[in-house]
Amino acid sequence: MKMNDTVAKRVNIVRIKMVRESSILYPQRRVRLARDVVELFSKYLDETDREQFFLLCLNTKNEPTALHTVSIGSLDASIVHPREVFKAAIIANSASVIVAHNHPSGDPTPSREDIQVTKTLQQAGELLGITVLDHVIVGTEGAYVSLKEGGYMEG
């Protein structure tokens, strides 16, 4: 082979498809308060020993359309990147999203990292045209903190 010869590169032809793993019945139909989010996520967060980060996709009427586990982390951290958060939101044609995660310690007080991740997600959502309505942190025994209600979020 000569130095200037190149080998062809195979390019995959793909399509993106959202696969429903299961579904749940949501009687309220619309998400209005952070408490609604806590009730929706509680079945996924009960008795977990690791931090988990979830995405709730919403349509234009604030009706949940999809629930996605973005990250399952360690005892006190989970890796959250806007690319991974918004991937499902884009495929689900979401008008807006709510993110939520748990603190296995039981204390839902937001950390500095929680606040920074929220700001980063809001900025990314703004670029994509998908509003981040809230970030809810769930503790134990029904304790939670809404970053929106707590004044940690812009807008």
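This is a predicted model: local features need pLDDT of at least 70, side-chain atom pairs count only at pLDDT 80 or more; totals for chains, interfaces and linings use all residues.
I then looked up how β1 and β2 are joined, and found them antiparallel, with 7 bridges between them.

Next I examined the helices against the sheet. I noted that α2 lies across β1, β2, β3 and β4, and that α2 runs at about 30° to β1. I recorded that α3 also packs on the sheet, where α3 touches β1, β3 and β4. The direction of α3 makes about 160° with that of β4.

I turned to the sheet as a whole. I read an open sheet of 5 strands in the order β2-β1-β3-β4-β5, and I noted that the pairing is mixed. β2 (64-72) and β5 (144-146) each have a single partner strand and stand at the edges, so one side of each lacks a neighbour in the sheet. I noted an average twist of 20° from one strand to the next.

I then checked the length of α3. Helix α3 covers residues 112-128, and at 1.5 Å a residue its 17 residues should span 24 Å. I found its end C-alpha atoms 25 Å apart, which agrees with that expectation.

I listed the buried residues of α3: D114, T118, L121, Q122, A124 and G125. I recalled that an α-helix has 3.6 residues a turn, so residues three or four places apart point the same way. I looked up what covers the buried residues of α3, and the cover includes β1 (52-58), α2 (82-91), β3 (96-102) and β4 (131-138).

Last, I inspected the residue that follows α3: G129 has a positive phi, near 80°.

Note on methods. Residues are numbered from 1 along each chain as its sequence is written. Side-chain values use heavy atoms; hydrogens and water are left out. Helices (H or I, at least four residues) and strands (E, at least two) are DSSP runs, numbered from the N terminus. The expected span of a helix is 1.5 Å times one less than its number of residues. Buried means under 20% relative accessible area, exposed over 50%, partly exposed in between (1.4 Å probe, protein chains only). Contact means heavy atoms within 4.5 Å. Two strands pair if DSSP finds at least two bridges between them. Axes are lines fitted to C-alpha atoms, for helices over the stretch in contact, and angles run from 0 to 180 degrees between N-to-C directions.
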